[in-house]
Amino acid sequence: MATAGKVIKCRAAVAWEAGKPLVVQEVEVAPPQAMEVRLKILYTSLCHTDVYFWEAKGQTPVFPRILGHEAAGIVESVGEGVTELAPGDHVLPVFTGECKECAHCKSEESNMCELLRINPDRKVMIGDGQARFSVNGQPIYHFLGTSTFSEYTVVHSGCVAKINPEAPLDKVCVLSCGFCTGFGATVNVAKPKKGSTVAIFGLGAVGLSAAEGARVAGASRIIGVDLNSNRFETAKKFGCTEFVNPLEHTKPVQEVLAEMTNGGVDRAVECTGNINAMIQALESVHDGWGVAVLVGVPHKDAEFKTHPIHFLNEKTLKGTFYGHYKPRTDLPVVVEQYLKGELELEKFITHSVSFSEINKAFDLMLAGEGLRCIIRMDE
C-alpha cells in the first residue's frame, strides 16, 4: 500500500486536559513497528471508561491523550512479524489482548493474557516505549492500547480481532467492549439454565448486555435492580421481566429478591462496581446452587465483608474480566452470532454523531441519556 511505512496525517480528538472538551485537530500517526498494525477507524463509540479517564478524578492524569477503545475499522498497514492480519482486513481493536503464547492464552480457563491484558496506566506502545501519535513533534499518549478517537491508530496485533467483512462495522463496534463484558458475564460465567431466574444489578449498557445474555440463555425471570426507576422501561427491551428499586423498599434488597423467588435467584450478575451491590448479589442467590458474578470495577481501595456461611451453604461468588472472552479467538464467533440474528445490537445504539461533534457524545453520557453513541469517523 502507498501509505505503508509512512507517517499519516489525519484528524484525532485530543484530550489536552482533564474534563475539557476534546480538540479535533491534525495529528501525525507513525507507521506500525514490529508486531503492530495501523488501523483506519471507521466507527467508534463512547464508553463510560473513556469519560472516567477523561475526568481523571480517580487515577493518575495522563495528558495529552487520545482516548477511545470501543471501535471497528480496517487494517491499513502491518508491521514486521505480523502474519495473521493484512491490509484490508475488517477488525475490532480491543483494550485487552491475546498473544496466544503465554500460560493464560494457552489455558482454556483464562482470557487474561500476560503480555497484553488491560493496563490503564500504560501510555505508550509496549514494543519500544514510544507513542505513535504526535503534534508538532510533541508525543500524544495512547489509551488502553487502542486510542480509537483518531482516524488512524496503531495497535499491537494481539489486540486486534479479525472479523467477517460482511458484518456492519457501525453495529459490531459495540462488541469490542461493553456488550461482550456484560453478555459474556452471563452466558460464559454465570451460565443460567433454561427457565432459571436471574437478577441483574445495575442497568447501564453493561447490565443490559448481561440481561440480553440471560434472555438468550432462556431465563424465565430476569429481575433488574437499579436505583433509577427511569431505566426500567428501556430494560424491558433487553429481556427484563421485573424490577426492584432498593430505594422503594424498607427491607434489604437481598431479602426482597428472596421473597420474590422462593429463597433466592439462581444467578445474579453485578454490573455497578458498588461494593454494597456486590454483597447484595451474593446474598440474593439461592443456597445449594446459586452463583453470583461480579463484573463492575470498584474503587481500588474498596473492600467488602460477608458471612462465610453463604459459601458453606453452597453459594458461589465469581468475578469475570471482559465476559471471559479471548479477543482474537472468540470475538469473530460473537460477530457470527450477530450475523445469524442470535444477538440484537441495534437496541444498544441510541445515538449517532459525526466525528466533529464528538463532544456531544460526552454531553449525552454525562446527562445519562441513551446507551451507546456511535461516532462516525468519516464525517
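Which residues have the most contacts inside the largest nonpolar core? In this predicted model, Phe-149, Val-172 and Leu-175 hold that position within a core of 102 residues. Helix α4, spanning residues 178-190, supplies the largest share of this core, with six residues. The surroundings of Leu-175 illustrate the packing: beyond residues up to four places away in sequence, Leu-175 touches Leu-92, Cys-180, Tyr-322, Leu-331, Val-334, Val-335 and Leu-345. Another core lies apart from the largest one and comprises 15 residues, including Val-253, Leu-257, Ala-268 and Leu-282.

An open sheet is built from four strands in the order β1-β2-β6-β7, with antiparallel pairing. From one strand to the next, the twist averages 50°. Seven bridges connect β1 with β2 (residues 23-29) in the antiparallel sense, and Ala-12 is positioned opposite Gln-25 in β2.

The cysteines were also examined. The count of disulfides is zero. The cysteine sulfur closest to that of Cys-102 belongs to Cys-105, at 3.7 Å; because a disulfide requires sulfur atoms within 2.5 Å, this separation is too far for a bond. Cys-102 counts as buried, at 12% relative accessibility. Cys-173 likewise is in no disulfide, the nearest cysteine sulfur being that of Cys-373, 10 Å away. With a relative accessible area of 0%, Cys-173 is buried.

Notes: Residues are numbered from 1 along each chain as its sequence is written. This is a predicted model: local features need pLDDT of at least 70, side-chain atom pairs count only at pLDDT 80 or more; totals for chains, interfaces and linings use all residues. Side-chain values use heavy atoms; hydrogens and water are left out. Two strands pair if DSSP finds at least two bridges between them. Helices (H or I, at least four residues) and strands (E, at least two) are DSSP runs, numbered from the N terminus. Axes are lines fitted to C-alpha atoms, for helices over the stretch in contact, and angles run from 0 to 180 degrees between N-to-C directions. A nonpolar core is a set of buried Ala, Val, Leu, Ile, Met, Phe, Trp, Tyr and Cys residues joined through side-chain atoms within 4.5 Å. Buried means under 20% relative accessible area, exposed over 50%, partly exposed in between (1.4 Å probe, protein chains only). Contact means heavy atoms within 4.5 Å.
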